[in-house]
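Subject: Structure handover and findings

Hello,

Here is the structure I said I would pass on.

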Amino acid sequence: LTMTIITKSSDADTFCACAIVSVDCLDSVNCIPTQAASLRDVATGILLRSLIKQTATFEGSADIRNSRVPMGKGFQYKTITAWYSWAKYNKLPSEHDPYPSYIFLQNAKKKHQMCADNNLFGFQCYFTAINEKEEFDSLEAEALRYHHHLLKTELDLEQHMLHQLRDIQAAVSEDKGNEIHALDHLRIFANILRMLFNRNEPLRELSSQTRVFNANERGQSQKESDATPLKVSIHIRRADACMAEGKLVPESSPLDSCAQQFAQRICYATSVYMDALRRLRDIMSKRDPTRRIEVFISSDDASNMMDEIEGQFPDLYLSMTWHILDFDRERFNYKGFVEGYDHKNHNLLGEAAAADLWLLSNGEVFIGHLGSRFGKVAYLLATARHNRFVPFFSVDGHSVCCEIDEPCGEMKPYIKSMSDCLTFSHDQVSDDYGYEINEDYFDVGSYMRKIVAQAQSLPGDESYKVEVASGVGHGSGGDGEKQIQTTPTPTTDKTEEKTDQWPWADLTAPVADYKYFPETRRRQSVDEPVFLLDKHCSSLVLDTSPPIVRPPSNGSCDGFDGVLHIRQGDVGGAAGTIFFVFLLGQLQYAEQFNLKPWVHLNSESEKVYDPLVHDQGEQRKFTMMDGMDISWARDARDPDGYLFPGRPRHKRPGRLRQKEFSVEGTGVWNHYFLPVSDFSPGDPSCENKPILTFDHDMIAPGIHYQSPWAPMVWRVGDIAHINRNDLDFDVWIEPKRRNAAKLVKNYIRFNAEIQQRAECAHPKQENSLGIHIRHSDKEVTRGGAIALSNFFPYAQAFVEHGGGSIFVATDSSLVIDEIRSKWPSDITSHVVYQVGTILSHNDTATFELGISHHRINVEALTDILALSKCTYLVHGLSALSEAAIYLNPSLIERSINLEQYDQDDKAKYANFLKMISE
């Protein structure tokens with residue numbers, strides 16, 4: 001019974017059984033309770049969540065691991081993490097992640113005044129803190145009187161529920177989840193999700209924008225009854241799901257059908273859902289012919305779904321009441337995948353998804369897609385709000401228990417418990433425990449359940465370290481694959497869970513055994529050409545042609561243990577962040593572990609990626625060894641175990657295999673810089689050595705926020721030994737700047753175009769002042785821009801002390817206009833800046849203006865290089881300013897940060913006067 005839901009009708013001696021691993025439990029509608037019993041269930045759910053809040057500890061935030069994760073996947077993973085944290089440690093996150101880079105809710109602060117007034121970004125704009133008072137919709141409000149009645153009449157109910165919660169926690173902690181009844185396991189898990197899904201004002205407003213279609217309003221015959229209607233949710237998935245057939249399939253898929261992942265996804269004709277609804281109506285007609293049906297429908301179809309239902313299924317349309325969100329359907333008319341780079345509808349889609357999830361949670365019955373994380377979350381929300389089993393019919397051959405991209409019928413034998421059912425995720429298993437997905441995943445789906453089950457049946461659990469002799473593998477393996485012999489080394493038990501306070505913290509992780517700032521060695525060995533620059537600046541034409549493709553190198557891997565492919569920064573970073581801050585952290589890692597660095601960027605860092613320019617060129621293929629990835633490590637000084645990239649490790653014990661790799665496009669980097677090393681794909685000396693790369697999580701938060709050696713622009717997070725709040729800002733940041741400057745000197749060299757542009761933008765560099773004024777989006781995303789008036793005294797003092805040119809770098813045309821119109825001519829005669837650049841005239845960042853990202857990169861990098869050639873620098877907190885300091889470390893002592901919060905304005909100005917007077 002651990003995988004079977006048993007329910008009993010409240011008004012008859014009827015029992016219903018549903019195998020939770022099936023796709024059809026519609027017959028359990030026969031056991032849906034009466035209104036009174038139903039409201040009691042809802043009230044009990046309110047009490048249950050209240051007791052969890054009263055007894056749990058709240059700390060940290062509920063985070064997602066990737067800023068492009070769609071809403072359904074985000075909430076599924078947040079819930080899994082919170083569930084294990086509660087079950088094992090009685091801890092829950094206190095709030096949602098505060099980061100503004102989540103693309104599906106990125107414009108929250110701009111769109112909603114309440115969020116702007118309270119400085120709320122992303123999830124925090126739409127969802128309240130988890131430990132705050134629960135907000136109620138009409139369903140919960142109606143049940144509240146039962147909630148009070150329960151506490152008065154069933155005096156031992158609260159104690160009984162507390163015992164039940166403790167029993168569930170104990171069972172899950174001891175891996176005895178099978179001792180919990182399936183329905184209890186499902187309900188508690190769903191209620192954790194409901195606690196995370198506590199709507200804030202903007203989402204409540206969006207959720208209220210519902211259009212109701214009621215045939216009675218037209219005087220047509222709809223069943224009339226005083227009985228409370230049965231609420232049915234229908235999720236009709238279209239848009240990026242319609243990849244496989246290119247048409248709507250007329251029949252639902254059985255459990256033993258193929259996996260539906262990426263290009264294998266199937267869309268179903270509307271008749272498939274209406275047939276299930278008609279069957280439900282027939283069941284209810286036999287049980288209670290007076291009971292009406294209300295339908296809550298969600299679809300990402302760009303067409304008018306209700307027109308289709310009215311026209312083709314009039315018997316259903318006229319006999320029921322229909323609810324659908326009143327959104328402009330054009331938002332669903334986008335190219336590619338919902339999380340992709342081919343459209344700009346992400347924020348509209350994110351808002352619609354959040355509101356639709358709440359709409360679907362009204363249902364007492366679910367018809368739709370359980371092969372969709374969105375559908376699963378909607379189903380679980382409905383389970384939590386009604387606090388009972390919700391009968392379902394899944395059209396896509398996936399059950400509540402199936403992963404969305406696995407063949408359910410084949411994986412069913414490996415679903416051994418409700419924990420497996422509700423929390424298994426192949427990518428989290430891969431990330432956390434190093435299991436490797438089957439190679440034919442894109443053809444047949446995920447077989448990770450089987451892989452894990454087979455691996456866990458094998459004896460031993462060892463981590464391995466590669467022994468490389470002159471870069472050549474020893475021995476040979478089967479299937480024509482080359483292998484490298486390995487020796488086992490003891491490691492911590494990989495099955496131990498990470499702490500719940502933050503998904504990237506683990507006190508059982510290995511302790512990093514390298515220095516705070518490891519010695520920086522010169523690793524690049526590329527010829528450094530001397531460029532002849534045009535002093536007359538007559539050839540400043542934006543070059544969009546692809547860089548010359550270098551032939552395969554020869555011998556570049558000699559003496560190295562492999563290649564580190566630097567392929568991305570984070571999603572939201574612009575030029576200064578991606579090309580310097582994120583790159584330098586990865587270059588530092590390459591040096592720590594004797595890896596040859598190679599920069600070929602993909603489209604993940606979308607603010608610097610320009611498909612029209614960077615998609616050029618042919619695919620490059622090359623052969624290296626596959627089978628290693630990067631482990632996590634922690635700092636011995638850190639009591640919380642925050643994780644950052646550790647040593648390279650084997651994905652599978654004992655073997656590497658030769659594999660063909662490929663890269664697309666120009667790689668972005670070589671449009672602006674010389675290569676960081678002499679490696680070029682196809683090098684024979686590299687074929688028997690592994691290639692490694694970082695995934696998004698290891699870059700941010702791994703390197704960017706949590707590593708002790710990465711460059712930082714300002715203090716972020718709350719890791720005490722990194723932030724060192726006991727130190728003045730200057731004292732704290734100086735070693736980070738000097739370490740970054742060493743890396744820049746050894747690896748980063750601009751190409752001829754950027755050098756030429758910088759010389760032309762700032763020709764008179766002797767005794768010059770650089771001023772970096774970032775406005776545009778800083779006004780709304782970084783707590784406010786620095787007023788131009790704050791820079792004026794520095795410019796004035798500089799001129800009065802005999803200073804030369806003043807190079808102004810800014811992203812705002814308003815800044816240039818104000819300098820021209822309001823600063824006196826004896827100062828503006830010293831001012832120079834890039835001419836003809838793209839500047840913002842409002843609070844929109846230049847990279848969000850819809851203009852060429854390539855051009856924005858060129859102009860930003862020109863500003864960086866020109867600023868670095870100045871004698872003095874006045875700036876705010878910005879990666880662009882920091883990059884200029886890295887290029888010219890003498891600016892460490894000759895720069896003023898107007899946003900340095902531990903020094904007042906008078907002290908900053910006095911320091912500047914001292915600088916320019918010496």
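This is a predicted model: local features need pLDDT of at least 70, side-chain atom pairs count only at pLDDT 80 or more; totals for chains, interfaces and linings use all residues.

Disulfides

The disulfide count is six. One of them joins C16 to C31, with an S to S distance of 2.1 Å. The torsion about that S-S bond is 85 degrees, and the link of C16 and C31 is right-handed. C16 belongs to strand β2 (residues 15-19), while C31 is in the loop between β2 and α1 (35-55). The two cysteines are 15 residues apart, and the pair links distant parts of the chain. C16 has a relative accessible area of 8%, so C16 is buried. C31 has a relative accessible area of 5%, so C31 is buried as well.

A disulfide is also formed by C18 and C25, whose sulfur atoms are 1.7 Å apart. The link of C18 and C25 is right-handed, with 70 degrees about the S-S bond. C18 and C25 are both buried.

C402 and C408 form a disulfide too, with their sulfur atoms 2.1 Å apart. Both of these cysteines, C402 and C408, are buried.

Two further cysteines have accessibility values. C258 has a relative accessible area of 48%, so C258 is classed as partly exposed; the cut-off for exposed is over 50%. C870, at 2% relative accessibility, counts as buried.

Aromatic contacts

The count of aromatic pairs comes to 31. Why is the pair of F75 and F127 edge-to-face? The ring planes of F75 and F127 stand at 70 degrees, so the pair falls in the edge-to-face class, for which the angle has to be over 60 degrees. The ring centres of F75 and F127 are 5.0 Å apart. F75 lies in helix α2 (residues 71-89), and F127 lies in the loop between α5 (122-126) and α6 (138-153). F75 and F127 are buried.

F75 also forms an aromatic pair with F197, and this pair is tilted. The centre-to-centre distance of F75 and F197 is 4.9 Å, with 45 degrees between the planes. F197 is in the loop between α8 (182-196) and α9 (201-207), 122 residues apart from F75 in helix α2. Here again distant parts of the chain are linked. Like F75, F197 is buried.

Elsewhere, one aromatic cluster is formed by F579, F580, W669, Y672, F673 and F750.

Two contacts place a charge over a ring. The charged end of K78 sits over the ring of F123, 4.0 Å from the ring centre. R385 lies over the face of W358, also at 4.0 Å from the ring centre.

A sheet and its helix

An open sheet has three strands in the order β18-β17-β23, and the pairing is parallel. β18 (596-599) and β23 (691-693) are the edge strands, each pairing on one side only. On average, neighbouring strands of this sheet are turned by 30 degrees against each other, direction ignored.

How many bridges join β17 and β18? Strand β17 (residues 563-566) pairs with β18 in the parallel sense over four bridges. Within β18, W598 is the bridge partner of H565.

Helix α20 (residues 575-592) packs on this sheet and touches β17 and β18. The direction of α20 makes about 175 degrees with that of β17.

A covered helix

How many of the ten residues of helix α25 are buried? Seven are, and helix α25 (residues 752-761) is mostly covered. The buried residues are E753, I754, Q756, R757, A758, C760 and A761. In an α-helix there are 3.6 residues a turn, so residues three or four places apart point the same way. The elements that cover the buried residues of α25 include β25 (806-810), β26 (831-832) and α30 (853-868).

That is the list; a note on methods will follow separately.

Regards

Notes
Residues are numbered from 1 along each chain as its sequence is written. Side-chain values use heavy atoms; hydrogens and water are left out. Rings of Phe, Tyr and Trp (its six-membered ring) pair if their centres lie within 6.5 Å; planes under 30 degrees apart count as stacked, over 60 as edge-to-face and the rest as tilted. Buried means under 20% relative accessible area, exposed over 50%, partly exposed in between (1.4 Å probe, protein chains only). A charge sits over a ring if NZ of Lys or CZ of Arg is within 6 Å of the ring centre and within 35 degrees of the ring normal. Two strands pair if DSSP finds at least two bridges between them. Axes are lines fitted to C-alpha atoms, for helices over the stretch in contact, and angles run from 0 to 180 degrees between N-to-C directions. Contact means heavy atoms within 4.5 Å. A disulfide is a pair of cysteine sulfur atoms within 2.5 Å.
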